[in-house]
Amino acid sequence: DLIDAFVGASMDEEAALAAESIIKLLGENGGNVIMLEGAEGNFATIHRALGFENAIKEYPSIKIIAREYTGWERAKAKSAMRELLSRHKRIDALYAQDDNIAIGAIEAIKEAGRAGEFPVVSISGNIDGYEAVKRGEIYSTVSQPPDWEGITAVQVAVRLINGEKVDKWVKTPVQQVTRENVAYFKGLW
């Protein structure tokens, strides 16, 4: 009730798109998934987990075998992944709630000599994330371009100033990014 409109992506939709990649990759046989989360209690963390869990509900052979909070920090993600790799010999996919933490996890995976052993799927579409997609280190990420959010927020603000009605939630688009289409995306941060 304190705001006229919110402009932003749906974290649940982002997570569902990430889950689509994992469902496609693991197929009917399913497999063991590690989830690296952002910060405990954070809105994005909660909804990027719920959206993912809801998307895989129909696939009981896909199991989340471990999840760790990283505080959205690359170094913490690297440390968490190092520990997870030592505890879990069979990992079939990694879902990272952000490209930054995916990159930290990839560093640990490389150091453990397990690069290429399982796919990494992420969200956010930052410069490092897109570069990792190009190199094949991240199978897919979900774009959440801040320029779309910024442009849309200004457009919504102008409409509100002019007395126009706008939706309470103006959703900005999200899209799955893979090696096939990454050339069309530009990271801004």
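Visitor: Which residue stands opposite Y95 in β4?

Guide: M35 does. The model is predicted, so local features need pLDDT of at least 70, side-chain atom pairs count only at pLDDT 80 or more, and totals for chains, interfaces and linings use all residues. Residues are numbered from 1 along each chain as its sequence is written, and side-chain values use heavy atoms, leaving out hydrogens and water.

Visitor: How many bridges join β2 to β4?

Guide: Four, and strands β2 (31-37) and β4 run parallel. Strands are DSSP runs of E, at least two residues; helices are runs of H or I, at least four; both are numbered from the N terminus. Two strands pair if DSSP finds at least two bridges between them.

Visitor: And what order does the open sheet have?

Guide: β3-β2-β4-β5, four strands with parallel pairing. β3 (62-69) and β5 (120-121) are the edges, each pairing on one side only.

Visitor: Which residue in β5 is the bridge partner of L94?

Guide: V120. β4 (93-96) and β5 pair over two bridges.

Visitor: Which helix does the chain cross through from β4 to β5?

Guide: α4 (99-111), in a right-handed β-α-β crossover. Right-handed means that, with the strands pointing away from you, the path from the first strand over the helix to the second runs clockwise.

Visitor: New topic. What follows α6?

Guide: G163, with a positive phi near 80 degrees.
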